[in-house]
Amino acid sequence: CIFKHGDDSRQDQLALQLISLTNAVLRVDRLAATACPYVVLPTQPDAAVIEVLPGCRSRDQIGKVLDGPLIDYYTHQFGPVGTRAFADAQWNFLRSLAAYAVISYLLQVKDRHNGNILYDSEGHIAHIDFGFIFERSPGGNIKFESSPFKLTREMIDVLGGDPTTEAFQAFVQLTVQVFLSLRRRMCYVM
């Protein structure tokens, strides 16, 4: 775990509770999408104990070890495109990316940089640090980021590099299914 001081982690705790609730809804609806919630336990208004996600590296950490785009990391970790290991990692990436796309959109998550996006040893993506959600933005500006969720060229490359690929189309379909699943249950969640 990490002991964090000097930052109010109660928003992180709220966001992660909503992410856990999202995962529960997705399980009930038997959707393949999944997010990776972790525990944040505020101990004071400016201190918290934060669970570490095992087997994860931030995109920033990956870039310091392996020079190149994210697809190079996936082929280095899981094998060449077309192998079963790569396909499994790509599927895990797609499943988690769909969940976080909707979560980021609904919570209006901001401050998505390479230190706040992690990749685990099975290919899943995970977001951390939810200090800026809803109308709260870095620097105090109430300005929404231009994109409703983070989807970079690198991420598209892991999905096959083109919006017409089977993996990218599966991502789009799953993202819509996640959104509709949560929308059907909004009166129970709110």
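What follows is a conversation about a helix contact, a pocket and an aromatic pair in a predicted model.

Colleague: How do you know which features of this model count?
Modeller: As the model is predicted, local features need pLDDT of at least 70 and side-chain atom pairs count only at pLDDT 80 or more, while totals for chains, interfaces and linings use all residues. Residues are numbered from 1 along each chain as its sequence is written, and side-chain values use heavy atoms, with hydrogens and water left out.

Colleague: What makes α1 roughly perpendicular to α6?
Modeller: Helix α1 (residues 10-28) and helix α6 (residues 166-184) pack at an angle of about 100 degrees, their axes being 10 Å apart. Roughly perpendicular covers 65 to 115 degrees, so α1 is roughly perpendicular to α6.

Colleague: Which residues make the contact of α1 with α6?
Modeller: With contact meaning heavy atoms within 4.5 Å, T22, V25 and L26 of α1 meet V178, S181 and L182 of α6.

Colleague: What lines the second largest pocket?
Modeller: The second largest pocket, with a volume of about 260 Å³, is lined by 14 residues, of which I2, Y38, I50, E51 and I128 lie nearest its centre. Lining residues have an atom within 4 Å of a point on a 1 Å grid, where a pocket is an open set with protein on both sides within 12 Å along at least five of seven lines.

Colleague: Why is the pair of Y74 and F78 called tilted?
Modeller: Rings of Phe, Tyr and Trp (its six-membered ring) pair if their centres lie within 6.5 Å, and planes under 30 degrees apart count as stacked, over 60 as edge-to-face and the rest as tilted; by this rule there are seven aromatic pairs. The ring centres of Y74 and F78 are 5.3 Å apart and their planes stand at 45 degrees, so the pair is tilted.

Conventions:
Axes fitted to C-alpha atoms, helices over the stretch in contact; angles between N-to-C directions. Helix = DSSP H or I, 4+ residues; strand = E, 2+ residues; numbered from the N terminus. Parallel < 35°, antiparallel > 145°, perpendicular 65-115°, else oblique. 1 Å grid on protein atoms, 1.4 Å probe; cavity = no way out; pocket = protein on both sides within 12 Å on 5 of 7 lines; lining within 4 Å. Points joined across faces, edges and corners; volume = space filled by probe spheres on them.
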